[in-house]
Amino acid sequence: MAKSPEEEHPHKAFGWAAKDTSGILSPFHFSRRDNGVEDVTIKILYCGVCHSDLHAAKNEWGFSRYPMVPGHEIVGLVTKTGSNVMKFKVDDRVGVGVMVNSCKSCEYCHQDLENYCPQMIFTYNALNHDGTKTYGGYSNTIVVDQHFVVRIPDSMPSDGCAPLLCAGITVYSPMKYYGMTEPGKHLGIVGLGGLGHVAVKIGKAFGLKVTVISSSSRKEREALDRLGADSFLVSNDPAKMKAAFGTMDYIIDTVSAVHALAPYLSLLKTNGKLVTLGLPEKPLELPIFPLVLGRKLVGGSDVGGMKETQEMLDFCAKHNIAADVEVIQMDQINTAMERLAKSDVRYRFVIDVANSLAQSQL
Amino acid sequence: MESKSPELEHPKPAFGWAARDQSGLLSPLKFSRRETEEKDVAFKVLYCGICHSDLHMTKNEWGVTQYPIIPGHEIVGIVTEVGSKVEKFKVGDRVGVGCMVGSCRSCDSCHNNLENYCPKMILTYGAKNYDGTITYGGYSDIMVANEHFIVRIPDNLSLDVGAPLLCAGITVYSPLRYFGLHKPGMHVGVVGLGGLGHVAVKFAKAMGVKVTVISTSPNKKQEAVENLGADSFLVSRDQDQMQAAMGTLDGIIDTVSAVHPMPPLLALLKSHGKLVLVGAPEKPLELHAFALIAGRKIVGGSCIGGMKETQEMIDFAAKHNITADVEVIPMDYVNTAMERMLKGDVRYRFVIDVAKTLNP
């Protein structure tokens, strides 16, 4: 018979988990493995709340396993290192993102594309090689192979840096891959949430002209004055959208709900590229004529490899880019999830794990 | 003021076959061509390929057709007259015209040899010329076009089997290059084995690419493998075959213009693979975001190619002995040919023997 989460591994751990498809999180005792020769043990300070955590907690994608401890935007301090670990030492400030392992031997792993390794293991809601579940960062401690740990640059705040470990790399990677780094080119960003607001900051740092495209005009002042976007387009104003047809070199679509792609394809110039990053649970409709007549493309992207994740953090440190966060206590997580579902956050909740998790422990 | 009849619009008498209404049935029409202006090349049409677009247009399936319409944009012939400022061609040259006869020549696209994406690009037939008259295509005895939109056909490329390259050829050649699917050793799928598909197989093989044909009809397998040189053949309705081929293709050129499911094609792609559509279904296709995101895959489209690339494609075809597989027909067979093409009953392009059979 399988051991209980508390008994699976030798070291006690505590976090909050979703226990069923309601997605409601509550205190949960489990355990972490021994720190192996390649491992780093991390005391978790902060963990960002990603929309994927919500999708997964409610089994919106259909492959959730309960109980589930979400969280893949983890910042903490090293408390232990294995004998083969040279990159980190105790008390280093480090981060863990969306992956905790990969095969390390396929063509993707060899190209620093661990995120595309067919045997990549997610930080939570996946199976370790030993058959036990992975548990994420809504918890006090985590043990991770050093290859999947990144260093947090000294100048970065821990809370503002946590969301970069998923949101940051999720927008940075496609911006590089699809060539969105030529100064002066025009980038449209659909959706001003966790991903979108970081994309604005990184896009500006690349020297791009940035237009935020959103269904709510109330976000306009924020986008222009605080985030530094060059312009703002309300997507349900047909006249304004039409005036912007054929003006953008690229579009990053961060919207996680089902939505129409056709209007955004019209915004692209010839040879324009639309990158879709959100993960709605139903299919989108893709009109083909605009792709053919304008040689346009729609592509996807899925976080980034470890090397690129470190590069992204260093880039953000250099350009003073951090996420805009609302720090919450662990026991506020369910309210935060409800607000997240309504996009009522500027722009990422971050759980103050170190200062609030223990209080919720019975 | 009433516009002039097709016969009186221009000074040069011309003769062709046109569709006069949505039945799409073609019949003889007297019309006229403009004088050969200083940058123009006039040529006697020898052959014209029948493209599926011709059928879409004659039946007004895209809602943009003005009648009478003379289709044909895979046109080859011999130069009979050149304007005073023409530098690239002379009388007697073997030339061709494809899908375009004009563009603005001043926008970004035109400056990058991408006239096909110019917002003011003028189609060879069924489009409005700068003088307000309608363009007439190659199901006719003579053509007059600006030299920029004329390609030279090398001597070793026969005109009858070269004609379809002017649309079908460039339509598949351009995306193979733009999407980086032309590198030796790559593995590319071709969906649909018709006018576009069969030429795609030949070009890809000549580029050193391994080719798998993906088709709904198992009876095309022998042709694909033995005659066209495809390395393998997948029956798209066979779940087991499709499953076994998952994650094996660097790219797919999808020539099918009917609505069809994308997920099985995306699944055939390796990570970072590219699905390129050159046929244009009129309804949107369903896209599962996961399918693109999990493997960083791309869905793109492509539409013919610019003039520079069209010439490059013709020269490549001549060098590698790539020709279309054609059934040459007389002009008066054209309506039957259209019916057969609709049923996919042609290997793989009809070509009208205009010079010998178009009789006023």
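Visitor: How many salt bridges are there between chain B and chain A?
Guide: Keep in mind that this is a predicted model. To count here, a Lys or Arg side-chain nitrogen has to sit within 4 Å of an Asp or Glu carboxyl oxygen. Between chain B and chain A, the count is zero.

Visitor: OK, and how many residue pairs are in polar contact across that interface?
Guide: Here the pairs are N or O atoms within 3.5 Å. Both residues also need pLDDT 80 or more. Across the interface of chain B and chain A, the rule finds six.

Visitor: Which class gives the 20 residues on the side of chain B that touches chain A?
Guide: That side draws two or more residues from each of α4, β14, β15, α9 and β16 of chain B. Sorted by class, five of its residues are charged and 10 are polar. The 20 are nonpolar.

Visitor: How much area do chain B and chain A bury between them?
Guide: Interface size is often quoted as the accessible area lost when the parts come together. In this model, 35 residues of chain B are in contact with 35 residues of chain A. Carbon and sulfur atoms carry 69% of the buried area, and the total is about 3,100 Å².

Visitor: Which residue is the bridge partner of A:Gly299 in β16(B)?
Guide: Start with the strands: β16 of chain A, residues 297–300, pairs with β16(B) in the antiparallel sense. Three bridges make up that pairing. In β16(B), the partner of A:Gly299 is B:Ile298.

Note on methods: Residues numbered from 1 in each chain as written. Chains lettered and ligands numbered in written order. Predicted model: local features only at pLDDT ≥ 70, side-chain atom pairs only at ≥ 80, totals over all residues. Heavy atoms only, no water. Contact = heavy atoms within 4.5 Å. Buried area = accessible area lost by both parts, 1.4 Å probe. Polar contact = N/O pair within 3.5 Å; in protein donor to acceptor, adjacent residues only side chain to side chain. Helix = DSSP H or I, 4+ residues; strand = E, 2+ residues; numbered from the N terminus. Nonpolar A, V, L, I, M, F, W, Y, C, P; charged D, E, K, R; others polar. Pairing = 2+ DSSP bridges.
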